Every structure is written in C-alpha cells, then in structure tokens.
Amino acid sequence: LPEPGTVEFKDVTFGYPGAEAPVLSNISFTAKPGQTTAIIGSTGAGKTTLLNLIPRLYDATEGEILIGGVPLKELGREAISQNISAVPQRPYLFSGTIESNLRFGAQDAEEEELWEALRIAQADGFVSEREGQLESKISQGGTNVSGGQRQRLCIARALAAKPKTYLFDDSFSALDVSTDAKLRAALVEPTKDAAVIIVAQRVSTITDADQILVLDHGEIVARGTHEELLESSETYQEIVTS
Ligand code: TTP
Ligand code: MG
C-alpha cells in the first residue's frame, strides 16, 4: 500500500450536476508524503474543483481517488477529516473564539500547540495583541479580522490538526510578499512528512515544488519541475511571463 497521506487521482473526470461539459477530464497524478505538488493554471481552469474532490465535497463522475491506497468512498467521513486539512480559497472562520476556530479538527490540542500553529502561520503577533488573545471573539464569517489575518488563522487551524495531507487553495494570496516568504519557510518543518498540494497564482511561490501540474480547461496539459516546465510547456512559459 502507498504511504498514509498519499493522494492518487486515477483518470478522474468530474462535471457539476446539471452542467453539460465536465470541468475536469482524465486527471491522473500522485501526491506523495514528503513532497509538494503544485497546481497552476488560469482562472476557471478547475483548480479549486480538483482540490474539493479530495475531502469529498463532490464525488468524481468517473475514475477514482485514493488516500493512502484506500478509495475515498471506503474511507469514511471521519477518516477523511482526521487525515486531511484543507485551507479553502475563501477561508472561513466560525463565530466563536480564536481558540474554538483553531480547535476545529484539533479538539485535544494543548494550548501550547495552538500557539505553535499560530507562530508557524505568522499569526501569533496579531493574536497576542488582541484583547483576550485565544479567547478573543470572532464574528460570523470572521468579518472582524482582515483577509490576511483570516488566511493565517485558517492555516494555523490546518496545522493544529496535524494531518497527513495538506490542501492549500491559493492560501497565501492575501499576504504581503515578506509574510508569505516567512510563512513558507516556517511551513517546511511541520509539513515535511505530509503530502502537500498547493494551488498557486504566483509561480514565484512554487518554483521549488517537487512536481507542478499545469491545468488548462480541466486537463493536465503539462507536468514536471519548474525547470522542466520552462523547457517543455508553452502554457507554463505564458503563466511565468504573465
Ligand atoms: P474552479 O474550479 O473554481 O476554477 P479555478 O479554481 O481554477 O479558478 P480560480 O483561479 O479563479 O480560483 O472552476 C472551474 C469551473 O467550474 C468554472 O467554469 C466554474 C465552474 N464551477 C461551478 O460550476 N460550480 C462551482 O461550485 C465551482 C467552484 C466552479
Ligand atoms: Mg479556485
């Protein structure tokens, strides 16, 4: 069996219910623990849809997705939520406290572990400045924190759960370049044994990924490392220079 956390897509096709054309066609790849798999492609290419299939927000129309060699449909909801942390493109906070938001998926974490997750996510500074700190209130939808703070709290929440698979959907876009760089450097150690899948807009942030999948109109049109794709893929070159 592949290692726990391994994500395998086998010839996956997906169309939204009622839509005529599939949004994803014949997607096959393996994201291995200890590696970063980046997905890049223009808006509407299907990147978010692809990520959303992994925690079963929808089921593939054709083909199969396996986690650690087990088909998603046999895994069960609990195993999926215990093993996979997803930071969605529009990160969401629940009304409650910062702590209750961080504990979603990490009920038994020690308080120190929550602070460690906040430090990695570059969120410890603004949380410690808020009155009440971990007990400080978050309003419905997280409207009383900024977009960049919301993003970092959702990254901290994902880290606190200590999953085997991380899904980041454009999760660093609201951060300034310097915070983005610090956060990425801090993420290396805590995610080193996990399978990490990152959807990115900025190529600069994924140049060191172990594999990059170039998605275009729902198909993987090229794959490889940054250097390989610069040589082989016109679509990639266009993304790099755009
Ligand atoms: P996405 O998967 O949202 O495309 P994307 O994530 O690559 O785009 P972006 O970079 O802007 O985040 O959408 C792919 C197609 O699927 C697009 O035509 C819109 C459609 N779609 C739906 O029909 N219903 C949905 O719920 C979503 C998320 C997308
Ligand atoms: Mg998207």
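A: Glutamine 89 is partly exposed because its relative accessible area is 29%, and the class runs from 20% to 50%, with buried under 20% and exposed over 50% (1.4 Å probe, protein chains only). The model is predicted, so local features need pLDDT of at least 70 and side-chain atom pairs pLDDT 80 or more, while totals for chains, interfaces and linings use all residues. Residues are numbered from 1 along each chain as its sequence is written, chains are lettered from A and ligands numbered from 1 in the order in which they are written, and side-chain values use heavy atoms, without hydrogens and water.

Glutamine 89 sits in the loop between S6 and strand S7 (96-97). Its OE1 atom and the OG1 atom of Thr48 coordinate the magnesium ion (ligand 2), at 1.9 to 2.3 Å. Donors are N, O and S atoms within 2.8 Å of the metal (3.2 Å for Na, K and Ca), and water is not among the atoms, so sites may look incomplete. Threonine 48 belongs to helix H1, 41 residues apart from glutamine 89, and the pair thus links distant parts of the chain. Threonine 48 is also partly exposed, at 25% relative accessibility. Helices (H or I, at least four residues) and strands (E, at least two) are DSSP runs, numbered from the N terminus.

Oxygen atoms of ligand 1 take part in several polar contacts, among them one at 2.8 Å to a polar side-chain atom of threonine 48. Threonine 49 brings a polar side-chain atom to 2.5 Å from an oxygen atom of the ligand. With glycine 46 it is a polar backbone atom that lies 3.0 Å from a ligand oxygen. A polar contact is a pair of N or O atoms within 3.5 Å; within protein, one must be able to donate a hydrogen and the other to accept it, and residues adjacent in sequence count only if both atoms are side-chain atoms.

The largest pocket holds about 730 Å³, and its lining takes two or more residues from each of helix H1 (47-53), helix H3 (77-83), strand S6 (84-87), helix H7 (147-160) and strand S9 (165-169). On a 1 Å grid over the protein atoms alone, a pocket is an open set of points where a 1.4 Å probe fits, with protein on both sides within 12 Å along at least five of seven lines; lining residues have an atom within 4 Å of a point. Points are joined across faces, edges and corners, and the volume is the space filled by probe spheres set on them.

H3 gives the largest share of this lining, five residues. In total 28 residues line the pocket, and Ile84, Ser85, Ala86, Pro88 and Phe104 lie nearest its centre. By class there are 15 nonpolar, eight polar and five charged residues, where Ala, Val, Leu, Ile, Met, Phe, Trp, Tyr, Cys and Pro are nonpolar, Asp, Glu, Lys and Arg charged, and the others, Gly among them, polar.
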